Amino acid sequence: MDSKNDIRILAYESSCDETSTAVVKNGREVESMIIATQIKSHQRFGGVVPEVASRHHIEVISQITAKALTQANVTWQDIDAIAVTYGPGLVGALLIGVSAAKAASMATGIPLIGVDHIMGHIMAAQLTSEIDYPALALQVSGGHTEIVLLQDPTHFEIVGDTRDDAAGEAYDKIGRVLGVNYPAGKTIDKWAHEGQDTFNFPRAMMEDDNYDFSFSGLKSAFINTCHHADQIHQELNKYDLAASFQTAVVDVLATKTIRAIKEYQPKTFIMGGGVAANQGLRERMEQEIENLSIGLKPKVILPELKLCGDNAAMIGAAAYNLYNEGKFADLTLNANPSLELPYADKILY
Ligand code: KG4
Ligand code: ZN
């Protein structure tokens, strides 16, 4: 049953290689979520090809708009706002979602809301459980590795960032060396559970007095180990390689995040992004937080696995908070491929 105060948002996400639409009620309830994935088209190239991505987004966006409304059993009259990811991401891909949302807004007169993709990933948590503020998020995806402080539902600040490769990107690159199809994270995660940390790869910046990350040294160490073994015709155990890589990534992410939790003392800890689906990371963070003393223990929200990767429901969740603040966009809204959340403190470099 709807109440008069219910706010229903139709959301679009097209920043990378998934085209997604969703209808979200009150920023909490997913009434429909459609994800048209293009992964198969990009796999043979070993990564996302921007032009191919844009073309696929165009092909499906109208269809999945209608499907999201039908599956939610609503019409345009029931929609209070249209939300869309406008950055960061691939510019051509973002433009398809932004154009579709603007066209829908213009045709129907329904207000438009532009959403930051990273804010969306973090707000997937709101679809799982109530967030108490201040909250701290570990945002780990293919393009970003960040520790983000949330003062309230719309004010986010980066307190730690990656200086080179993002965690997901490192997974995909080492996966390629092991012959794993893009995106490799899920398979490496599975293999890691069948192997041991025997290679002891480097844990860069783990003890440094900041919240930044660096994964390119780990990636190079991994690739060099594999190439060297190749040259001397030595076969390495892929499960141990995966376990060693994953343990190094998780060690660094967990150590720095726990230190940030001790400093900022958030009421809620959130994980978001594709790598937040990683079983090793989820188990480790839950365990580390369980081990904190009572006064320092935040509530933990790990989004459902289907909400960790790119999807429009998370954009609808974030947009609801912006709606409540009256933060609407107009038809000049444009794609911003390098959109960034503000920095709490300019600690980079
Ligand atoms: O958030 P996402 O869907 O897209 C971006 O915004 O980047 O994240 C995709 C990334 C890929 O790099 C993929 O390999 C990684 O998330 N990923 C994982 C797992 N599932 C997906 N990485 C580690 N473990 C997983 N289980
Ligand atoms: Zn993403």
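This is a predicted model: local features need pLDDT of at least 70, side-chain atom pairs count only at pLDDT 80 or more; totals for chains, interfaces and linings use all residues.

Trainee: How many helices and strands does the protein chain have?

Mentor: The protein chain has 10 helices and 10 strands, and its C-alpha trace spans about 65 × 50 × 40 Å along the principal axes.

Trainee: What radius of gyration does the protein chain have, and what would a compact globule have?

Mentor: A compact globule with 349 residues would have a radius of gyration near 20 Å, and because the protein chain has 20 Å, the two agree. Of the contacts between residues at least 6 apart in sequence, 74% join residues at least 24 apart.

Trainee: And what share of the residues is buried?

Mentor: Buried residues make up 54% of the 349 in the protein chain. As for the accessible surface, it comes to about 15,100 Å², with 49% of that belonging to carbon and sulfur atoms.

Trainee: Which residues have the most contacts inside the largest nonpolar core?

Mentor: That core has 49 residues, and those with the most contacts inside it are L138, I188, F215, F245 and L281. Several elements each supply at least two residues of this core, including strands β6 (135–140), β7 (145–152) and β9 (268–272) as well as helices α5 (167–177) and α6 (185–192).

Trainee: Which element gives the most to this core?

Mentor: Helix α8 does, with 13 residues. Apart from this core lies another one, of 39 residues, among them A22, A137, L150 and A317.

Trainee: Back to F245, what is it in contact with?

Mentor: If we leave aside the neighbours within four places in sequence, F245 is in contact with A170, Y171, I174, I188, F201, L218 and F222; of these, I188 is also listed with F245 among the residues with the most contacts inside the largest core.

Trainee: Changing topic, how many positive and negative side chains are there?

Mentor: There are 28 positive and 44 negative side chains in the protein chain, and the centres of the two sets lie 3 Å apart.

Trainee: Where is K173, and why does it count as partly exposed?

Mentor: K173 is placed in helix α5, and it counts as partly exposed because its relative accessibility is 32%, which falls between the 20% limit for buried and the 50% limit for exposed.

Trainee: What does K173 touch?

Mentor: Not counting residues up to four places away in sequence, K173 touches D165 and K219.

How values were computed: Residues are numbered from 1 along each chain as its sequence is written. Chains are lettered from A and ligands numbered from 1 in the order in which they are written. Side-chain values use heavy atoms; hydrogens and water are left out. A nonpolar core is a set of buried Ala, Val, Leu, Ile, Met, Phe, Trp, Tyr and Cys residues joined through side-chain atoms within 4.5 Å. Buried means under 20% relative accessible area, exposed over 50%, partly exposed in between (1.4 Å probe, protein chains only). Helices (H or I, at least four residues) and strands (E, at least two) are DSSP runs, numbered from the N terminus. Contact means heavy atoms within 4.5 Å. The radius of gyration is taken over C-alpha atoms; the globule rule is 2.2 Å times the number of residues to the power 0.38. Accessible areas come from the Shrake-Rupley method with a 1.4 Å probe; for residues, only the protein chains shown count as cover. Lys and Arg count as positive and Asp and Glu as negative; His and the chain ends are not counted. The place of a charge is taken as NZ of Lys, CZ of Arg, CG of Asp or CD of Glu.
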